[in-house]
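The following exercises are to be worked through with the sequence and the model at hand. Each task is followed by a solution in steps.

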Amino acid sequence: METPPQQGVVKKKETRGRKPKPKDDKKDEHSKTKEGRKTQQYQQQQQQQQPSVDEKYTQWKSLVPVLYDWLANHNLVWPSLSCRWGPQLEQATYKNRQRLYLSEQTDGSVPNTLVIANCEVVKPRVAAAEHISQFNEEARSPFVKKFKTIIHPGEVNRIRELPQNSKIVATHTDSPDVLVWDVENQPNRHAVLGATNSRPDLILTGHQDNAEFALAMCPTEPYVLSGGKDKTVVLWSIEDHITSAATGGSIIKPNSKSGETNDKTAESPSVGPRGIYCGHEDTVEDVTFCPSSAQEFCSVGDDSCLILWDARVGSSPVVKVEKAHNADLHCVDWNPHDDNLILTGSADNSVRMFDRRNLTTNGVGSPIHKFEGHKAAVLCVQWSPDKSSVFGSSAEDGLLNIWDYEKVGKKIERSGKSISAPPGLFFQHAGHRDKVVDFHWNAYDPWTIVSVSDDCESTGGGGTLQIWRMSDLIYRPEEEVLAELEKFKSHVVACASKSEK
């Protein structure tokens, strides 16, 4: 990746496409009162007492050898607003090679791109503890290598892979259309100013206004789901445009020459919607499919609503949960192990867990649990592919929290002292110094996560990609861990007594 001129002037995109809300006049009036001024003074004192971002980061980095089994830090010249794991390419003794999908959101001096990278994923209990913390924040990681560049028509706001074949990805940009790419067959392009855009293999039409973030691919069928500023949720089937998954190819059918851009009159084939679903009263911010059904899905939006849909019963909501949160909803995920559990994240800084069998009380959202461990808007939530009660949440506070709802209500004690952590929170990844805009659990290596931050506010530009795996001593059963540590202690004592002889 060539360093662009004047990196510090990277254009700042409104996080997740949300515009700042106008100030509330009542709040302004409150600040003029004596009580209001006292409140402001107290808040300022609290902020001064809080450690700075750099201080917290330095503290985190000193703990890396203890907390992590493996960590790779990769500096990005341009921020990436999305990150996704692709297919595993090969397995070796100490590491596996896997595709990684990223983007480059530029200031216009070079084109915006969709990046296909190769990542060397180090296997558990291979990396030396002292080595994983010795990285340079300004350097690129030797574990991440760019493989292919696709010149994207506009910024890449969201990337999602097709679960049946992760070589096919869909992207959202600042337009009403969803773009679908067969990344293996797309030609590699050189991203220079003036270069023509790569041509998507499919264009999904149906939105009447920009659809920027809400995007999902179905786990059971080749279906795509999207939400946008037109307040609708749109469903497509791309089944007729890909080869059978049974053949192992599952690539987009060659009814047009993929990726070629020299012929400016050539157009990508377009696909109209299978269904358009109306029920939101503001921008739809995220969507997700029910893991066991291509006909059931849900959506969240800036109207503070969570809506469940069923394509078999029409285009109106099956259940509409009003006031699911106290602010805009940014993200949603459906538990792949338990169809009843749905997670939502919001600008009210909280994550909530709903049971689809009992979503509301007196017409208002009634979550089973509220998880409050973030100090800023939650941008992304995702269930673990490995353990049904575990999930992650990332936010504008630069933190990626890992939760286990089975730990809610259980007191955590260390050396007889009770620890006052938010209920359910058992790990906090603090390696990013700015808002964590996306993350993705690795299905091939379940406790390995890729996360990405947009560092425009903290460093004036660029981004940080981190691939990390917490130490298994943190999440394994306590009895098992204690037995292993006791065995290790015995081994150390035995070695020490031998050396004394």
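**Exercise 1. A salt bridge and its network**

Which side chain meets that of Asp472 in a salt bridge?

*Solution.* The model is a predicted one.

Step 1. The partner of Asp472 is Arg125, and the N to O distance is 2.8 Å.

Step 2. Locate both residues in the chain. Asp472 belongs to helix H6 (residues 472–475), while Arg125 is in the loop between strand E4 (113–122) and helix H4 (129–132); the two are 347 residues apart, so that the pair links distant parts of the chain.

Step 3. Classify each residue by its accessibility. Buried means under 20% relative accessible area and exposed means over 50%, with partly exposed in between. Asp472 has 18% and therefore counts as buried. Arg125 has 48% and therefore counts as partly exposed.

Step 4. Look for further partners. Salt bridges with shared partners join Arg125, Asp472, Arg476, Glu480 and Glu484 into one network.

**Exercise 2. Two further salt bridges**

Describe the salt bridge of Arg158 with Asp286, and then that of Glu406 with Lys387.

*Solution.* Step 1. Between the side chains of Arg158 and Asp286, the N to O distance is 3.5 Å.

Step 1. Between the side chains of Glu406 and Lys387, the N to O distance is 3.7 Å. Glu406 is placed in the loop between strand E27 (400–404) and strand E28 (413–414), and Lys387 in the loop between strand E25 (378–383) and strand E26 (390–395); the pair therefore ties together parts that are 19 residues apart in sequence.

Step 2. Glu406 has a relative accessible area of 44%, so this residue is partly exposed. Lys387, at 30%, also counts as partly exposed.

Step 3. The total count of salt bridges is 23.

**Exercise 3. Positive phi values**

What is the phi of Ser304, and what is the phi of Lys323?

*Solution.* Step 1. Ser304 is not a glycine, yet its phi is positive, at about 65 degrees. Lys323, likewise a residue other than glycine, has a positive phi near 50 degrees.

Step 1. Ser304 is situated in the loop between strand E16 (293–301) and E17. Lys323 is situated in the loop between strand E18 (319–321) and strand E19 (329–334).

Step 2. Ser304 has a relative accessible area of 13% and is therefore buried, whereas Lys323, with 57%, counts as exposed.

**Exercise 4. Nonpolar cores and a surface patch**

Which residues touch the most other members of the largest nonpolar core?

*Solution.* Step 1. The largest nonpolar core has 40 residues, and those touching the most other members are Tyr68, Leu100, Ile402, Leu465, Ile467 and Trp468.

Step 1. Examine Leu465. Its contacts beyond four places in sequence include Ala72, Leu76, Leu100, Leu102, Val144, Val450 and Val452.

Step 2. A second, separate core has 16 residues, including Ala214, Ala216, Val284 and Phe297.

Step 3. Leu473, Leu482 and Leu485 make a nonpolar patch of about 250 Å², and Leu482 is part of helix H7 (residues 478–500).

Terms used: Residues are numbered from 1 along each chain as its sequence is written. This is a predicted model: local features need pLDDT of at least 70, side-chain atom pairs count only at pLDDT 80 or more; totals for chains, interfaces and linings use all residues. Side-chain values use heavy atoms; hydrogens and water are left out. A nonpolar core is a set of buried Ala, Val, Leu, Ile, Met, Phe, Trp, Tyr and Cys residues joined through side-chain atoms within 4.5 Å. Buried means under 20% relative accessible area, exposed over 50%, partly exposed in between (1.4 Å probe, protein chains only). Contact means heavy atoms within 4.5 Å. Patches are made of residues with over 30% relative accessible area and no salt bridge: like charges are joined within 9 Å, nonpolar side chains (Val, Leu, Ile, Met, Phe, Trp, Tyr) within 5 Å. Accessible areas come from the Shrake-Rupley method with a 1.4 Å probe; for residues, only the protein chains shown count as cover. A salt bridge is a side-chain nitrogen of Lys or Arg within 4 Å of a carboxyl oxygen of Asp or Glu. Helices (H or I, at least four residues) and strands (E, at least two) are DSSP runs, numbered from the N terminus.
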